[in-house]
Amino acid sequence: MKSKNIQFLIFLGLLLIIFFGAHILALYFLNKDVFGNQIILSYLVNFSLAVFVFLVVIKTLSNNSAQAGFVFMGGSALKFLVFFLVFYPSYKEDGNIETLEFLAFFIPYATSLIAEVIYLSKQLNNQST
């Protein structure tokens, strides 16, 4: 694996740690349950899925860049599938999904997605045709 890809994975991990810290700090100052709504699991699962999707897309880019977009979209579908299998049942347990429950999943999801899109789009633009 190229050192730039490893650097991105380290960057992604650090970025999620920063967002996690800010997230729990905001919950603390709002007098909310800091570690509720499966927040730790959410950050860990989103990081793991982002790494997996990233590695598969990078592998696809090196073999056939025309399919990389479809692989990335499949990775996004996988992330939603995991959300509905792992998090949705417990969030929906009381009949509705509260804002804090939604944010516990969405903040690490969106952070990972934005970082992946920016990095992978740069990689795709640097591909020689």
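1. Ser42 touches Phe87, Ala104, Phe105 and Pro108, where residues up to four places away in sequence are not counted and a contact means heavy atoms within 4.5 Å. Ser42 itself lies in helix α2, residues 39–63, helices being DSSP runs of H or I with at least four residues, and strands runs of E with at least two, numbered from the N terminus. With a relative accessible area of 0%, Ser42 is buried, a word used here for under 20% relative accessible area, with exposed meaning over 50% and partly exposed in between (1.4 Å probe, protein chains only).

2. On the basis of these values, please note that this is a predicted model, in which local features need pLDDT of at least 70 and side-chain atom pairs count only at pLDDT 80 or more, while totals for chains, interfaces and linings use all residues. Residues are numbered from 1 along each chain as its sequence is written, and side-chain values use heavy atoms, with hydrogens and water left out.

3. Helix α4 has 27 residues and reaches 37 Å from its first C-alpha to its last, close to the 39 Å expected at 1.5 Å a residue, the expected span being 1.5 Å times one less than the number of residues.

4. Which side chains meet in a salt bridge? Those of Glu116 and Lys79 do, at 2.6 Å from N to O, and the count comes to 1 salt bridge under the rule that a side-chain nitrogen of Lys or Arg lies within 4 Å of a carboxyl oxygen of Asp or Glu. Because Glu116 lies in helix α4 (residues 99–125) and Lys79 in helix α3 (residues 68–91), the pair ties together parts that are 37 residues apart in sequence. Glu116 counts as buried at 0% relative accessibility, and Lys79 also counts as buried, at 2%.

5. For the protein as a whole, the secondary structure comes to 4 helices and 0 strands, and the C-alpha trace spans about 55 × 25 × 20 Å along its principal axes. Buried residues make up 37% of the 129 residues. Among contacts between residues at least 6 apart in sequence, 73% join residues at least 24 apart.
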